[in-house]
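This report looks at contacts between side chains. Please keep the sequence and the structure in view while reading.

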Amino acid sequence: LKNFDSIFHNEAKKILKYFNDDTEKTIIDLGANEGEISIFFAKKTRCKIFAVECAKKNIEILNKNILLNEVKNIRVLKYAISDKDDIKLSVDFKSNKTNVYDQNYLKNTKEENEIVESITLSTLLKKQNINFVDLIKIDIENSNYLVSDCILKNSDKLKTIMWELGY
């Protein structure tokens with residue numbers, strides 16, 4: 001568990017300067033993990049945050065970190081962001097990284113994998129009644145290519161993109 005007041009958020013601090021007025025912002029954190037970016041912005045701006053994470057173990061830590069950091073404006077959503085809605089994906093935790101695959105891809109492995117539902121960015125926006133996103137942070141490991149088309153389709157609704165492309 002982490003109290004995120006003590007952590008230096010280099011990338012987030014650079015973007016924070018664009019959030020200098022008092023209007024409520026909407027932030028989507030795709031691949032929220034333990035909540036570092038979500039909690040940082042929840043503490044520093046007037047916003048509502050949708051923290052999207054697919055791995056149960058990460059969601060458990062994320063929820064504990066939200067309580068520890070005493071933030072109330074984060075909604076945690078359990079989905080794997082993909083290019084298709086309602087497909088079953090398998091979450092694999094090898095080497096302490098969360099990787100998401102079509103469940104048929106890992107069918108013949110002997111390891112236990114967590115099965116999660118997929119959702120597209122377009123459907124997420126619609127289900128959560130989001131018309132405009134001030135910041136979308138994307139850190140979804142090997143699934144970046146699955147969300148690319150949805151980012152382009154919804155570009156008129158997205159103001160700022162913080163996208164981690166490394167793997």
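Is K137 buried or exposed, judged by its relative accessibility? K137 counts as buried, at 7% relative accessibility; buried means under 20% relative accessible area, exposed over 50%, and partly exposed in between (1.4 Å probe, protein chains only).

## Basis of the model

The model is predicted: local features need pLDDT of at least 70, side-chain atom pairs count only at pLDDT 80 or more, and totals for chains, interfaces and linings use all residues. Residues are numbered from 1 along each chain as its sequence is written, and side-chain values use heavy atoms, with hydrogens and water left out.

## Salt bridges

There are two salt bridges (a side-chain nitrogen of Lys or Arg within 4 Å of a carboxyl oxygen of Asp or Glu). One joins K137 to D29, at 2.6 Å from N to O. K137 lies in strand β8 (residues 133-138) and D29 in strand β1, so this pair links parts 108 residues apart in sequence. Strands (E, at least two residues) and helices (H or I, at least four) are DSSP runs, numbered from the N terminus. D29 is buried, at 1% relative accessibility.

The other bridge joins K25 and D21, at 2.8 Å from N to O. K25 is buried, with a relative accessible area of 5%, whereas D21 is partly exposed at 41%.

## Aromatic rings

Rings of Phe, Tyr and Trp (its six-membered ring) pair if their centres lie within 6.5 Å; planes under 30 degrees apart count as stacked, over 60 as edge-to-face and the rest as tilted. This rule gives two aromatic pairs. The ring centres of F19 and F41 are 5.5 Å apart and the planes stand at 50°, so the pair is tilted.

F40 and F41 have ring centres 5.2 Å apart and planes at 90°, so their pair is edge-to-face. F19, F40 and F41 make up one aromatic cluster.
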